[in-house]
Amino acid sequence: MSALDSLTLTAIPPEDEALRAPVRAFLAEALKDVPAHVRAKSWSGYDPAFSRKLGQQGWLGITLPPAYGGGGRSAFARYVLVEEFLNWGAPVGSHWIADRQSAPLILRYGTEEQKQRYVPPICRGESYFCIGMSEPGAGSDLASVRTRAVPNDGGWLLNGQKIWTTNAHHCSHMIALVRTSGTTEDRQKGLSQLIVDLKAPGVRVRPITDQSGDAHFCEVFFDNVQLGHDALVGAEGKGWEQVNAELAFERSGPERLFSSIVLFDQWAAWVRQDGRTPEAERLAGRIVCALAPLRAMSVAVTEKLTRGESPLVEAALVKDLGTGVEQLIPSAIADDLFSRPEGSVPLPLLHTLDYVTQVAPSFSLRGGTREILRGMIARGLGLR
C-alpha cells in the first residue's frame, strides 16, 4: 500500500466542529478593527497579548494533557481552531511553533522535569519557541547540518549557526537540531535535539528583512554557548528520528493551505458585490476546487496523527501541493485585478495583494523546499 492509499476520507467529529461558533464569535470581536493587509500576516503576526488571551480561553495546548496545562482534546479540535485562526487572519505567530510542535515534541521525548518546566507556560501563551533546523549551505537538507554541541562537564558546548528561523528574535527558546557525534559525512547519525535559551551568553539573533519589509526570518549564531545537561531532548544521536516525527505536525495542517486565504476571501467578497465577471467566477471555482481536496487530505493526515502514526510522506504531499495553491492565489488574483478598468479596484484589496505577493515566494521555503519534499514523496511512492 502506498502513502496515497493510506489516506481515507475523514469527517471532523461533531464535538470538535462545535468549537467553531465560540471561536468565530471571539475572533469577530477581537479582529473587528484590524485591516485585511494586517490580518494577512496571521501565523507570522506577533502579538503576545493576543496569545495570552487564547491561553485564557483554553485554546492553546488544546491537545496536550491536562496535567501539563493542556485541554486533553483530540488533534481535530486543534485543527478546527487553527483553521478558524487562519481564515480570520488572527495574529498567532507568537505561540504558533510552541503550540504546534515544540510542546508535543517535549511531551513525547522529554524528561518529566522538561515537561513540567516548559509545557504549562506554552499552554498559557507565555512561552514562545522557534525551530533551529536550517543552516547556510544545508537548507532543507537537514542531514547536512554542521552546528555542533560537544559534551563537557557542564553539559553541552554549542557552536554554529541557524538561518530562516521564524520569530527567533521574539522567542525565549529554540529546539535546535545539532550534531553531537560523528561528522557531516555520517548524515543522519549523530544528530540530537537541544533546548537553547536564546538569552544565554554567546547567542546572537539577527533578523532578516524580506522584500515586504517584515523581519520574521532570522539568523541565529552560537559562540561557545554553554548548555546544561538537561538541554538534551530525548536520546543522544536520535535527533533525526525525532525531527522527522516533528515535521509531520509542521507540514500537514491548515497553515499549508491557507496562507493566502485572507486575500482570497477579501477578493471574493469584492467580486460578489462589485466585481463579478465570468472570468472571476471561473477563477474562484478553480481555487475552491483546488483547496477542497487538499483540505480533505489534510484532515485525513490529522486522523492518522490521532492514531499515533507518523505520516511523513502524506504530510509532505499536503505541504507541496498546498504551497502551490497558496502561491497561485496572489498570482491569479493579480492577473484578474490588473485586467480591470483603472480605479475600479479598491485600494485596501490592492494593499493586501501587495503584501501577499511579496511574501508568497517564502511559502515554498518554510517547512521544506519543493525539491526535498518531492524527493520524499517519490521515495514514499516507490519511484526512486
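Serine 102 lies in helix α6, which spans residues 96–109; helices (H or I, at least four residues) are DSSP runs numbered from the N terminus. The model is predicted, so that local features need pLDDT of at least 70 and side-chain atom pairs count only at pLDDT 80 or more, while totals for chains, interfaces and linings use all residues. Residues are numbered from 1 along each chain as its sequence is written, and side-chain values use heavy atoms, with hydrogens and water left out.

Serine 102 counts as buried because its relative accessibility is 1%, where buried means under 20% relative accessible area (1.4 Å probe, protein chains only). Serine 51, in helix α4, is buried as well, at 0% relative accessibility. The table lists both positions with their contacts (heavy atoms within 4.5 Å), leaving aside residues up to four places away in sequence.

| Residue | Helix | Relative accessibility | Contacts |
|---|---|---|---|
| Serine 102 | α6 (residues 96–109) | 1% | Ile97, Phe129, Ile175 |
| Serine 51 | α4 (residues 48–57) | 0% | Leu60, Ser94, His95, Arg124, Gly125, Tyr128 |

Two packed helices are described by the angle between their axes and the distance between the axes. For α5 (residues 75–88) and α9 (residues 261–273), the axes come within 7 Å and cross at roughly 55°; axes are lines fitted to C-alpha atoms over the stretch in contact, and angles run from 0 to 180 degrees between N-to-C directions. The two helices are therefore oblique to each other, the class left once angles under 35 degrees (roughly parallel), over 145 (roughly antiparallel) and 65 to 115 (roughly perpendicular) are set aside. Leu86, Asn87 and Trp88 of α5 meet Ile261, Val262 and Asp265 of α9, and by class this contact has four nonpolar, one polar and one charged residues.

How many cavities of 30 Å³ or more does a search of the whole structure find? There are three, a cavity being a set of points on a 1 Å grid over the protein atoms alone where a 1.4 Å probe fits but cannot get out.

Conventions. Buried < 20%, exposed > 50% of the residue type's maximum accessible area, 1.4 Å probe, protein only. Nonpolar A, V, L, I, M, F, W, Y, C, P; charged D, E, K, R; others polar. 1 Å grid on protein atoms, 1.4 Å probe; cavity = no way out; pocket = protein on both sides within 12 Å on 5 of 7 lines; lining within 4 Å. Points joined across faces, edges and corners; volume = space filled by probe spheres on them.
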